[in-house]
Amino acid sequence: MDAGTCTSAVPLLEVDDLRVVFPTPRGMVKAVWGVSFQIQKGHMYGIVGESGCGKTATGRAILRLIPPPGKIVGGRILFRGENLMEKSEEEMRRVRGRSISMIFQDPAAALNPLFTIGQQITAIMKRHKVAHGEALRQRAEQLFEELGLPHSRDLLECYPHQLSGGMQQRVMIAMALCVESDLLIADEPTSCLDVTIQSQILDLLVRLQKQRGLAIMLITHDLGVVAETCERVAVFYLGRIVEQGAVSEVFRHPRHPYTQGLLAALPDPQRWGSPLKMIPGSVPTPLEAIPGCAFAPRCEFATDTCGNVEPQLVSVGDDHLAACFLYAADPGKGRGRA
Ligand SMILES: Nc1ncnc2c1ncn2[C@@H]1O[C@H](COP(=O)(O)OP(=O)(O)O)[C@@H](O)[C@H]1O
Ligand SMILES: [Mg+2]
């Protein structure tokens, strides 16, 4: 059966109508507004969209790590059927790292400057009781080597500031992988690495996914990587999912003008030398309630309806949803499954 259509009784992760806001002096930023998706055990799920569309906030919300005064104001996050929103802070500490681990977008902010790399990575393994004694260092060194980090023994004695951005990022990845969690949230995991190391790390993630059934939520702006590695994808725009489904469907027949624009902006070897087609304009800050489709101001197909009524996700193909009036028979009424 096609991986994209495989639905077991209880998904590993189910995010349902998630809403996250950040109060700011300029008003309430609706960073995530009504996002729903599911990730099955052992699957790789891609989250794409331009900067500022709510990808990081979604990843952090799953672990209940939204930096205050930001907060989750609605929705459910079910992990193996249990609602993480109802867990105590102590229970969440056990979920973080042990069941769900995360590679953060900003490695410098996620590493503690006061402790060596060795102290930090062994503390994680001790806390979750995955190894002890000499095995702690061995396991760390082995992971560093798999991630292409040289002199792994010396690295354990280093403080974060002594490492380059690329090395910090790989140390972060090692910290997320040292405990064998069931779900890895990888937020732009290879953004400061060179191309060779990027593909080495993606190969490692795919291997872990296959070997130990690790599910991965891969947040990236690289649609090529999603096409190669993910079964399913969600396209984010301004805190909402505008298109989602099987990668084979969404990338072969993109329906939403935003997804079409993202794909058209990809470098195409056959058009090398000619300028890339860019989506006009940029992502606004989601401060005010937008009456209609958030993408309408940048959309070449926008009509009066688009400026007034918010489109809902509707089925546009086999295992494929899009939120766009080009496909809604009855504007504003059709509501597909998430
Ligand atoms: N700590 C914060 N305070 C205020 N606004 C924030 C904060 N973090 C994120 N935002 C806003 O929330 C929206 C979504 O941000 P984010 O989830 O980081 O997007 P992405 O990861 O897709 O680039 C953006 O408009 C961003 O400016
Ligand atoms: Mg981000």
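# Reading helices, strands and a ligand shell

Modeller: Let's start with helix 7: 11 of its 13 residues are buried, so the helix is largely enclosed by the rest of the structure. Before we go on, this is a predicted model, where local features need pLDDT of at least 70, side-chain atom pairs count only at pLDDT 80 or more, and totals for chains, interfaces and linings use all residues. Residues are numbered from 1 along each chain as its sequence is written, while chains are lettered from A and ligands numbered from 1 in the order in which they are written.

Colleague: Fine. What counts as buried or exposed?

Modeller: It's a neighbour count with C-beta atoms placed from the backbone: buried means 20 or more other C-beta atoms within 10 Å of the residue's own, exposed means 12 or fewer, and partly exposed is in between. Helices (H or I, at least four residues) and strands (E, at least two) are DSSP runs, numbered from the N terminus. In helix 7 the buried residues include Met 167, Arg 170, Ile 173 and Leu 177.

Colleague: What covers the buried residues of helix 7?

Modeller: Cover is read from contacts, meaning C-beta atoms, placed from the backbone, within 7 Å of each other. For helix 7 the cover includes strand 6 (100–103), helix 3 (107–110), helix 4, helix 5, strand 7 (183–187) and helix 8 (195–212).

Colleague: How do I check the length of helix 7?

Modeller: Take 1.5 Å times one less than the number of residues; that's the expected span. Helix 7 reaches 19 Å from its first C-alpha to its last, close to the expected 18 Å. Helix 5 (residues 134–146) has 13 residues and should span 18 Å; its end C-alpha atoms are 19 Å apart, which agrees.

Colleague: And which residues of helix 5 are buried?

Modeller: Leu 136, Ala 140, Leu 143 and Phe 144. Helix 4 (117–127), helix 6 (152–155) and helix 7 (165–177) are included in what covers the buried residues of helix 5. Following helix 5 you'll find Gly 148, with a positive phi near 75°.

Colleague: On to strands. How do I read the order of the open sheet?

Modeller: Two strands pair if DSSP finds at least two bridges between them. Here an open sheet of 4 strands runs in the order 2-1-4-5, with antiparallel pairing. Strand 2 and strand 5 (82–83) pair on one side only, which makes them the edge strands. Strand 1 and strand 4 (residues 71–79) run antiparallel and are joined by 7 bridges; Glu 14 has Leu 78 in strand 4 as its bridge partner.

Colleague: What about strand 9: is it enclosed or open?

Modeller: All 6 of the 6 residues of strand 9 (residues 232–237) are buried, so it's largely enclosed by the rest of the structure. Arg 232, Ala 234 and Phe 236 sit on one side, with Val 233, Val 235 and Tyr 237 on the other, and both faces are covered.

Colleague: Which strands pair with strand 9?

Modeller: Strand 3 (residues 44–48) pairs with strand 9 in the parallel sense over 4 bridges, with Val 48 opposite Val 235. Strand 10 (residues 240–246) pairs with strand 9 in the antiparallel sense over 6 bridges, and there Val 235 has Glu 243 as its bridge partner. The hairpin of strand 9 and strand 10 has 2 residues between the strands, and Leu 238 takes a positive phi near 50°.

Colleague: Where is Arg 255?

Modeller: Arg 255 is in the loop between helix 10 (247–252) and helix 11 (257–264). With 22 other C-beta atoms within 10 Å, Arg 255 is buried. Setting aside neighbours within four places in sequence, Arg 255 is in contact with Glu 243, Val 316, Ala 322, Cys 324 and Tyr 327. For contrast, take Val 195 in helix 8: Val 195 is exposed, with 8 other C-beta atoms within 10 Å.

Colleague: Last one: which residues come nearest to ligand 1?

Modeller: A residue is near a molecule or strand if its C-beta atom, placed from the backbone, lies within 6 Å of it. Of the 16 residues around ligand 1, Phe 22, Ala 31, Lys 55, Thr 56 and Ala 57 come nearest. Strand 1 (13–24), strand 2 (27–39) and helix 1 (55–62) each supply at least two residues of the shell, and helix 1 gives the largest share, 3 residues.

How values were computed:
Contact = placed C-beta atoms within 7 Å.
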